[in-house]
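Look at the structure below and follow the chain from its start. The text then goes from the whole protein to a few charged side chains.

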Amino acid sequence: MQLDDPLSDKEFNELDQFLLSDRCAEDGMTMDSLHGYLTALVIGPEMVLMQEWLPNVWGPELKKAPKFKSEKELERITGLIARVMNEIAVTLEVAPKEFEPLYCEYEHEGRSVIDGEAWAWGFWEGIQLRAEAWEPIWASNLADVVRPIYLLGAEEIEEEEMALVDDPIKRHKLAVEIEAAIPEIYRFWLPHHKSAVAPIKREAPKVGRNDLCSCGSGKKFKKCCGAEPAGENQSG
């Protein structure tokens, strides 16, 4: 299983069925909310390590995380999730305008409408992992562009905002706006991406091999503490 390969239909269904099975908690993520969650992690201002974000996929209570039958099954399911995330990242990097949120559709009064609430909720959960780092976008010229994600995805919105989401057609339009917004949000954060791994800082200045050794012997570093142990070959 290569992490660079997008999921086949069979693999998509395998992951979908696992997330919907009794093995996972009822308040765990489904494929659409997982897709939104991973999208936020991919395009956000800071990289979040899998060991931090993965538990949220199973739900808010760690004790309800699935009990995998074996280490092999754990690797299989987490590998499929990682590949979904990688496919999102590749699409946004190569062709951001072709990115499509994983929405559900249903019939309403004779027309097909988009249900983007689960996807937006997943995206909102991704934002909450680095809420402080996301703050600049709410004060930027993209504030209105990001607002539909908040309206559809936040656990609570203001009472006066309820009128904006109280009808399937209104929610459909917000979902369409979110799809158009993702490439813009991606471009906004692209120059600001920060790794979750802090760089190693050198506490003391680097000692050159021709500098005097810091031990006080008066010898050059390469002839003292920097010398190769006896019996080891030197190169160069």
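Of the 236 residues in the protein, 39% are buried. The model is a predicted one.

The chain forms eight helices and two strands. Their order along the sequence is α-α-α-α-β-β-α-α-α-α. When contacts between residues at least 6 apart in sequence are considered, 67% of them join residues at least 24 apart.

Now turn to the charged side chains. The whole structure contains eleven salt bridges. One of them joins Arg 76 to Glu 11, with 3.9 Å between the closest N and O atoms. This pair links distant parts of the chain, since Arg 76 belongs to helix 4 (residues 71–94) and Glu 11 to helix 1 (residues 9–20), 65 residues apart. Arg 76 has a relative accessibility of 27% and counts as partly exposed. Glu 11, at 15%, is buried, because buried means under 20% relative accessible area.

Arg 76 also forms a salt bridge with Glu 14, at 2.8 Å from N to O. Glu 14 lies in helix 1, 62 residues from Arg 76, and is partly exposed at 31%. Glu 11, Glu 14 and Arg 76 belong, with Arg 83, to a network of salt bridges.

Another salt bridge, 3.1 Å from N to O, is made by Arg 130 and Glu 46. Arg 130 sits in the loop between helix 5 and helix 6, and Glu 46 in the loop between helix 2 and helix 3, so the pair ties together parts 84 residues apart in sequence. Glu 46 is partly exposed, with a relative accessible area of 27%.

Conventions: Residues numbered from 1 in each chain as written. Predicted model: local features only at pLDDT ≥ 70, side-chain atom pairs only at ≥ 80, totals over all residues. Heavy atoms only, no water. Helix = DSSP H or I, 4+ residues; strand = E, 2+ residues; numbered from the N terminus. Buried < 20%, exposed > 50% of the residue type's maximum accessible area, 1.4 Å probe, protein only. Contact = heavy atoms within 4.5 Å. Salt bridge = Lys/Arg side-chain N within 4 Å of Asp/Glu carboxyl O.
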